[in-house]
Every structure is written in structure tokens, then in C-alpha cells.
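Hi there,

Here is the structure I promised to pass on to you. Have a look at it first, and then read on for my notes.

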Amino acid sequence: MDAGTTTQDWDVVIVGAGPVGGHTANLLSTRGHRVLLLEEHNEIGRPFQCAGLVTPNAMKQVGLYETILEEVDGALIHGPSGTLVPVGTDGTVRTYVVCRKLFDEAVVKQAMVSGATLWLNSKPISAEAHSQGVDLIITREGKEITISTKLLIGCDGAHSWTRRFFKMGRPKELMVGFQTEVVGYQYRKRWLEMYSGSEIAPGFFAWVIPSGNDSCRIGLWSTADRLDGRSIEECYANLLDHPLWKERFAGIKETARYCGPVPSGMIRKAYKNRVLLIGDAAGMAKPTTGGGIGPGFEQINGIVDRLSTAIGQNLLSEDELKSIAKSHFEKMRKEQNRARSLRNLLVSDCEDEELDSHFEQFAKPEVIELINAIGDIEKPVPLGMALLKKVPAFRKLALKAGMKMIFS
Ligand SMILES: Cc1cc2nc3c(=O)[nH]c(=O)nc-3n(C[C@H](O)[C@H](O)[C@H](O)COP(=O)(O)OP(=O)(O)OC[C@H]3O[C@@H](n4cnc5c(N)ncnc54)[C@H](O)[C@@H]3O)c2cc1C
């Protein structure tokens, strides 16, 4: 039989109708493929665990400007002892804050308008990949059914069933994020704030992000080893009670709270015979910010044309998927690794005292100018490298880390 004429129920089954699953479904159904999206919940966009930051570049890919709650021009970044580093320029949008529920729903709607089918209350329970496709047993509305597809794509988030079922490894880091939604925080319009220090967000940072109608999202993230037995809620309480900043938080009223994982560090091989992983399932969140929507979009955008041709020809073996995905995925993985090394060097592996001395450098007018000129939320590596090269106090750090690892 000609591989291209094999009959499977679907060309592509995507597990997970989050933003990355929805966007992937849209790109593939726009190219004429029969796409089925499986979502285990009975609605899109719930539960929601996200600060809602979407970069202008990621937003451009989906054009969902109606889901924006706030525009953000910059960040007021506080060092452990209070040194303030303002990054950004009034009137120049650096990022958007979206309503994740509306955003996810709208991304999935785009896929459906392009012809994709969505099954809610549906999830896979078993799968077998063979030379012509993947046979899947799924539950749909509580009933077991069998379907077949040429290609299975796991967009099923941090704890991906697809990744675990096909034994595709684990992301390098799994951060834990915690967030509340509050009213009553006095913030500077169009600016978000970041707070650092080992009592608040060991190795990482806490944030306050305006989210429309005078409400804000207050959150923090870290890793289990850095929390060292403390709960993330304890760190949140430390932020609200911090001697330097507690007055700012005194009048807040909490309206919601949630906690979720942030997987960062792309798995070695996000492809196997007839199986691909995209987005959080593959560990795509940025090590510097935790943002996962933009990198998930970039991961699929970089391969979609060649993938579409391969789906049309039903040439989707591991070797074929490797030749489509490897160089793009490797490039992204390398970039993530470099960003992580720079993050560790400048922030995550520093005691508070060292971090304070870094903040003193960051706060110098010529360094702020450099940050504003080169800083890009999406591509932090050029800025990190410029800081190491151009700020004399940081040069010794570059040597400590081994220039080779960072500049390779
Ligand atoms: C506190 C916090 C704040 C964050 N803030 C930001 C931010 O500001 N900006 C940003 O870009 N990112 C942020 N992130 C990360 C962001 O939420 C994720 O990177 C992003 O949601 C990844 O999208 P995804 O589609 O890959 O996965 P998900 O959004 O996790 O979507 C996966 C979907 O798959 C479904 N699913 C899971 N398993 C199955 C299954 N077995 N069968 C069927 N369906 C299944 C889920 O229900 C879900 O709908 C944050 C994360 C946390 C925890």
C-alpha cells in the first residue's frame, strides 16, 4: 500500500487543548489535515495556572488582542535589600497581560474555525504506535472507544500523559509556581514589579502583575531543592510581611489562589515513531521567566511546513520526524541551556549578599541603558552575554562559569 493513502480515522490527534495544543491544531487544520483535539476537562482554559503574560511576538501569531487585560511597558525589579532597577520605557509595550480563560478559548476556537474537531471530557488511556499510525484507546464522556491516527501530538502540559506513556524522559527542571489574584495593591500603571531574595523566592523572583480592573496577580516561583523544606505559601507570606515592602501589601484582599508546575529544559528527544511533544509537555518554558506560551508556539511554528508535508505523505517514522524536528528543537534547547546558565550565574546560584552586589551593578545608569537597549524577554541570552562582557564587575563571573559553556 502507498503510505500516503493509508486510512486512519484522523491525520493528527492532539492530546490537550491548552494554548499550544490549540495553536498546533489551528496550524495543521489550516493546512488541510483532519485534526482531533482531546481535552480531559469539560471546558477550555480551566483550571488556570498562569500570570497571563504573552509577549508581542507570541500575540502576533494568534492576533487575539481582544483577550488583553493590560499592556505592560516595564518592570520595577527589587533586589533583596531594596535596590531598585527599573527596566522599560513608558509608552513602549514590552508584554501583554491576558485573561487566560479567554485566550485559551479563542486559540481553540481558531482551530475549530479552521476545521479541527474538539472532544471535551476525553483523554487517552492507552496507545500503540506502529508503522502506519497510532491506535489509541480513549475515554470520551466516560465511554471507552478506539481511534486511529497517522500522528499523535502530546500538548498535554507539564505532567504530559503522552510523554510518560511513551517514556520520553523528563524536562531538566520543574519549578513550582504559586499565585494569588488580589485587589487593593497600589501599582504603577503599565508596570509590573519583581521582588527577589532567599526568603521570598529562593533562586528566582516574585511578581506583581496588573490584571485589569484594579486587580493584580501576585506570585512567585522556585524549585523544590531551593525551597529546602519550606512551602511556597510560606515564601509568599514572607513577601507580604517583608520589612521593606509590607506596607504595599497591607491593603490587599485575596480573591483567588492557585499553584502549578513550570517545566523548563527541553527533553532530549521530543519525537518518537509517530509521536511528537510540543509545549510544556516537552519542557519548553523559559528558564528565566517561566513563560511557556511563546516558546510552545515557536516550537511548532519552526517545523509546521515540513511536518505538514510529511503528514500528507504519511512519512512519520522516528527517523523522518527527527529529520524534520531535530535542528530546530536542538537550537531551542541550546538557547534554553545558555539562558539557564546565565540565570544561575547572575541570579539563581547567588546568596542574597552576592545578588545585592549584582543589583548595585544593574542599577547603574549605563547598565540600565544597556538592559533597555538589548533586553528582550524572549531572548535573554544576548543581554546576559553583554552584561558579562561589558560590565567590568561581571567579567570574573564569566570566567568562573567557563566562557565556553556560555559563549559556545
Ligand atoms: C504560576 C504560573 C504562572 C505562569 N505564568 C506564565 C506567563 O505569564 N506567561 C506564560 O507564557 N506562561 C506562564 N506560565 C506557564 C504556562 O502556564 C504554560 O507554559 C502554558 O500554559 C503551556 O501551554 P501548553 O498548552 O503547553 O500546556 P497547558 O496550558 O498545561 O495545557 C495542557 C492542556 O492539556 C490538557 N490535558 C492534560 N493532560 C491531558 C490528557 N491526558 N488528556 C487530555 N487532555 C489533557 C489540560 O487540561 C490542558 O488543557 C505560568 C505557569 C505557572 C504555574
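**The sheets**

Strands β12 (residues 173-183) and β15 (residues 215-222) run antiparallel to each other and are paired over eight bridges. Before going further, please keep in mind that this is a predicted model, in which local features need pLDDT of at least 70, side-chain atom pairs count only at pLDDT 80 or more, and totals for chains, interfaces and linings use all residues. Residues are numbered from 1 along each chain as its sequence is written. As for the names, helices (H or I, at least four residues) and strands (E, at least two) are DSSP runs, numbered from the N terminus. Two strands pair if DSSP finds at least two bridges between them.

Within that pair, T180 has I218 of β15 as its bridge partner. Both strands belong to an open sheet of seven strands with mixed pairing, in the order β6-β5-β13-β14-β15-β12-β16. At its edges stand β6 (84-88) and β16 (253-264), each with a single partner strand, so one side of each has no neighbour in the sheet. Direction ignored, neighbouring strands here are turned by 20° against each other on average. Helix α6 (residues 232-240) packs on this sheet and touches β12, β13 (191-195), β14 (206-210), β15 and β16, its direction making about 125° with that of β15. Contact here is between residues whose C-beta atoms, placed from the backbone, lie within 7 Å. Axes are lines fitted to C-alpha atoms, for helices over the stretch in contact, and angles run from 0 to 180 degrees between N-to-C directions.

There is also an open sheet of three strands, antiparallel and ordered β3-β7-β4. Its edge strands, β3 (53-54) and β4 (68-72), each pair on one side only. Two bridges join β3 to β7 (residues 95-98), and V54 stands opposite Y96 in β7.

**Helices around α13**

Helix α10 (residues 318-348) packs against α13 (residues 380-390) at an angle of about 40°, with the axes 9 Å apart. The two are therefore oblique to each other (under 35 degrees counts as roughly parallel, over 145 as roughly antiparallel, 65 to 115 as roughly perpendicular and the rest as oblique). Their crossing is left-handed, a term for a near helix turned anticlockwise from the far one by less than a right angle, with clockwise being right-handed. The contact is made by E335, R338, A339, L342 and L346 of α10 together with P380, V381 and G384 of α13.

Helix α12 (residues 365-374) crosses α13 at roughly 150°, and their axes come within 9 Å. That makes α12 roughly antiparallel to α13, and the crossing is right-handed. Here L370, I371 and I374 of α12 meet P382, L383, A386 and K390 of α13.

**Backbone details**

The peptide bond from R46 to P47 is cis, with omega near -10°; P47 sits in the loop between β2 (35-38) and β3. N121, although not a glycine, has a positive phi of about 50°, and lies in the loop between β8 (117-119) and β9 (122-129). N314, in the loop between α9 (304-313) and α10, has a positive phi near 55°.

Are these two asparagines buried or exposed? N121 counts as partly exposed, with 15 C-beta neighbours inside 10 Å, whereas N314 is buried, with 22 other C-beta atoms within 10 Å. Buried means 20 or more other C-beta atoms within 10 Å of a residue's own, exposed 12 or fewer, and partly exposed in between, with C-beta atoms placed from the backbone.

Best wishes

Notes. Contact = placed C-beta atoms within 7 Å.
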